[in-house]
Amino acid sequence: LTFSGGPRYAIADRSEGPYGNHRPADHNLYVPKTARDDQGRILVAGTVRPDIGVAGGRGSMLREYYLSDDGRLLQRPLAEVLAAFSESVGTLDDLAKNVVTGQAERTDEGLRLTRGQQVPRVSLPEPADFLADFTVTLDADSVFRLNFRRGGGQKTMQTFEISTLDNHIRLGTIANHSDNTRPVNDRVHQVPVGEPVRVRLFAVGTVLTAFVEDHYTLTMNAVSLENTQLIAEAFQGTVTIRNLTLQQPAEPDRTE
């Protein structure tokens with residue numbers, strides 16, 4: 001049972017109940033609508049809130065709800081959506097060649113970033129719409145950030161963050177120098193130390209959607225920001241980016 005007024009759900013063995021305690025789903029997906037397709041998948045879309053002080057919202061990316069063996073409601077991207085982002089515009093090797101600050105060590109395991117006097121940052125040109133598909137491993141007390149969609153004279157940016165320092169995943173405007181009135185989608189998550197975590201981050205227009213391990217989804221509506229550079233960094237500690245592909249939607253075939 002999902003609730004239209006907010007991203008919560010409850011589970012029962014029978015439709016008439018009794019239902020268990022409410023649990024969080026996507027913290028920023030409002031009035032979600034569900035339907036089954038001919039494959040039996042539960043498809044979900046809803047309204048994504050905009051920044052504070054901005055009227056209206058945007059329709060979310062269509063995604064799939066499914067149940068875990070222990071009764072949690074999980075979310076994952078649709079195969080059809082993944083297939084639409086078929087044009088590769090960057091890889092981990094490309095990222096390793098573009099060091100912005102600090103040092104990055106390319107190893108057999110991946111691209112290792114360790115915080116020293118400087119925050120180590122590596123970058124790629126950011127497409128207008130993109131899918132960043134990557135796996136990251138964090139040491140203890142570490143924070144990985146992927147920054148994108150900059151604006152406001154470079155003082156505002158959107159960030160995906162995953163942390164073993166406080167066991168949170170976040171999506172939104174979280175940099176210290178940013179406008180603190182902007183919303184942040186924040187979820188407690190027991191991030192495994194030394195274990196790879198897969199993230200698929202979509203940016204389509206103003207709607208941002210991050211799928212974490214095909215379990216959790218964070219969604220934002222980031223208005224008035226432009227694409228410039230996709231920047232990965234070890235904000236604290238040490239992180240290793242093991243795989244990364246940056247993809248954009250393929251141009252439509254207009255031939256007759």
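This is a predicted model: local features need pLDDT of at least 70, side-chain atom pairs count only at pLDDT 80 or more; totals for chains, interfaces and linings use all residues.

Me: Which side chain does Glu16 meet in a salt bridge?

Reply: The partner is Arg14, and the N to O distance in that salt bridge is 3.7 Å. Arg14 is exposed too, its relative accessible area being 52%.

Me: And what does Arg76 form a salt bridge with?

Reply: Arg76 pairs with Glu64, and the closest N and O atoms are 3.0 Å apart. Because Arg76 belongs to strand S7 and Glu64 to strand S6, the pair ties together parts that are 12 residues apart in sequence.

Me: Is Glu64 buried or exposed?

Reply: Glu64 is buried, with a relative accessible area of 10%, while Arg76 counts as partly exposed at 28%.

Me: How many salt bridges are there in the whole structure?

Reply: The search finds 17 salt bridges. Asp70 and Arg72 meet through their side chains in a further example, at 3.1 Å from N to O, where Asp70 is exposed at 52% relative accessibility and Arg72 is partly exposed at 28%. There is also a network of salt bridges that links Arg145, Glu161, Asp166, Arg170 and Asp186.

Me: Changing topic, what volume does the largest pocket have?

Reply: Its volume is about 260 Å³. The lining consists of 14 residues, and those closest to the centre of the pocket are Leu1, Thr2, Ile42, Leu67 and Leu73.

Me: Which strand gives the most to that lining?

Reply: Strand S6 does, with 3 residues, and strand S3 (29-36) also supplies at least two. Sorted by class, the lining of the largest pocket has 11 nonpolar, 2 polar and 1 charged residues.

Me: How many cavities of 30 Å³ or more does the count come to?

Reply: The count comes to 2. The second largest cavity has a volume of about 30 Å³, and the residues lining it include Tyr9, Pro24, Leu73, Arg187 and Thr217. Strand S7 (73-77) and strand S20 (216-221) each give two or more residues to that lining, and the largest share, 3 residues, comes from S7.

Technical notes:
Residues are numbered from 1 along each chain as its sequence is written. Side-chain values use heavy atoms; hydrogens and water are left out. On a 1 Å grid over the protein atoms alone, a cavity is a set of points where a 1.4 Å probe fits but cannot get out, and a pocket is an open set with protein on both sides within 12 Å along at least five of seven lines; lining residues have an atom within 4 Å of a point. Grid points are joined across faces, edges and corners, and a volume is the space filled by probe spheres set on the points. Helices (H or I, at least four residues) and strands (E, at least two) are DSSP runs, numbered from the N terminus. Ala, Val, Leu, Ile, Met, Phe, Trp, Tyr, Cys and Pro count as nonpolar, Asp, Glu, Lys and Arg as charged, and the others, Gly among them, as polar. A salt bridge is a side-chain nitrogen of Lys or Arg within 4 Å of a carboxyl oxygen of Asp or Glu. Buried means under 20% relative accessible area, exposed over 50%, partly exposed in between (1.4 Å probe, protein chains only).
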